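Subject: Structure for your review

Dear colleague,

Please find below the sequence and structure that I am handing over to you. My notes on the findings come after it.

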Amino acid sequence: MYDVLIIGAGIIGTGIARELSKYKLKVAVLEKDTDVANETTKANSAIVHGGYDAKEGTLMAKLNVLGNKMYEELCEELSVPFKRNGSLVLAFNEEEKNHLKTLYERGITNGVSGLSIIDQEKLREIEPNVDLKAIGALHCASAGIVSPWEFAEALIDNSVENGVELFLNTEVLSIEKNEDIFTIHSSSGDFKGRYIFNCGGVHGDLIHNMIAPPSFKILPRKGEYFVLDKSQGKRVNSTVFQCPSKLGKGILVTPTVHGNLLVGPDAQDMESKYDVSTTGEKLEYIKFKGSHSIRDINFRENIRTFGGIRAESDRGDFIIEESSVKGFFDIGGIKSPGLSAAPAITLEAMKLLKNSNIELIEKENFIKPRKHKLFMNLSSEEKENKIKEDNRYGRIICRCEMITEGEIVDAIHRPVMATTVDGIKRRCRPGSGRCQGGFCGPRVQEILARELKEKMENILLDKKGSYILTGELKK
């Protein structure tokens, strides 16, 4: 019997799990995938927005601004890369320049810090490669960039260290309630609990409908992206937007915390919650629009394209509420600025639980997150000492990102173990560079098989069924 069951291990589910782990509660997280952060959390723009775009008075506006302010301290505590690089919304004509004033006034109302409207001269001082036709911009100094999957992984690691139980490959099939106890029937068996947080992302409406009458609908919206090599990462310093439309914030160009350049996304309303394919037509559109913001982006330096699905709700705002079934909490419709708002959404979720009269007793022995640095960011003396302790840190496996065998082994044996090639990639970056795992992929697979004591052909790329090897050609 659990006190709280959390459905979904994206940025919201892992954040709630970590907050709950501070209390004397029995908590379980159920995730249908092979790893955490494996849907919307791993496939988005990785932007911590300032909060000027969300409509005044909405949960999006309130929680974006609050969440933004929490990022620095949280990422420092969890050893997650984060940078306040600022953002720009470009204006190319007088009509768009007037819209910047609307965004500025909205931002001031929402409580956004570091906002100003800048002229063409100041814009070029901040971003020398901006398109010459841009006549001004809204500058938001408080905007930032983060690694969302690393953030979620750090949250769940610390949760598990503090007693939360994580069940991967566990798909929720149905939910029932008898008196005050919920039973979740899943592909891994039954789970009983007093309270449920529905953090099912694009599947949140389907999860809700298993226990309560329909009250919202999730409308999947797909966006496609380019990831460019680090040779293009310095084309911009800030996150650069064009004026937003009713479909979203438009095509952005941004550096990533790891030094690459990200361009995208478009916005496509979808019927499928699973279609993350990319198409030549849409990518050409993204390339055209991105080049309209920043001059001379060399798209021949593209190393990857990807698509992600965001959870657009028919209510147009975040859904953070107790459903008509007491004790069942919906945290849904967490589209952009959902990542930016995530730390504050977690606190709002905790308020729902506290209002249900649950007894929350803080742990005296809460384990704080372990501090760590990438091996390549250590000083020469620190590297030498690390190699003396474990010579696997002296063996480079990923030459593009300079990742060592020691770091890969550490990633496998974290509190939430990495068991797939992409799971390793998300935790310590082998395969994230120019060759996209062409050289290091087989070696990572070998290390996984060795450390997990598995056959090579049992090691997956990522999701269920994503086998890499099927067996030997000859013995």
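This is a predicted model: local features need pLDDT of at least 70, side-chain atom pairs count only at pLDDT 80 or more; totals for chains, interfaces and linings use all residues.

Residues are numbered from 1 along each chain as its sequence is written, and side-chain values use heavy atoms, with hydrogens and water left out.

The second largest pocket holds about 1,000 Å³ of space. A pocket here is an open set of points on a 1 Å grid over the protein atoms alone, where a 1.4 Å probe fits, with protein on both sides within 12 Å along at least five of seven lines; lining residues have an atom within 4 Å of a point. The volume is the space filled by probe spheres set on the points, which are joined across faces, edges and corners. There are 45 lining residues, and Lys-42, Ala-43, Arg-304, Phe-306 and Lys-425 are the closest to the pocket centre. Two or more lining residues come from each of β8 (144-146), α5 (148-161), β18 (302-313) and α11 (421-428), with β18 giving the largest share, seven residues. Helices (H or I, at least four residues) and strands (E, at least two) are DSSP runs numbered from the N terminus.

Strand β1 (residues 2-7) has six of its six residues buried, that is, under 20% relative accessible area, against over 50% for exposed and in between for partly exposed (1.4 Å probe, protein chains only). β1 runs parallel to two strands: five bridges join β1 to β12 (residues 189-198), and four join β1 to β2 (residues 27-30). Strands count as paired if DSSP finds at least two bridges between them. Tyr-2 has Gly-193 as its bridge partner in β12, while Val-4 stands opposite Val-27 in β2. From β1 the chain crosses through helix α1 (residues 11-20) to β2 in a right-handed β-α-β crossover, meaning that the path runs clockwise from the first strand over the helix to the second when the strands point away from the viewer.

Helix α2 (residues 59-78) bends by about 40 degrees at Tyr-71, the bend being the angle between axes fitted to the seven residues ending there and the seven starting there. Tyr-71 is also among the buried residues of α2. Ser-79, which follows α2, has a positive phi near 55 degrees.

Yours sincerely
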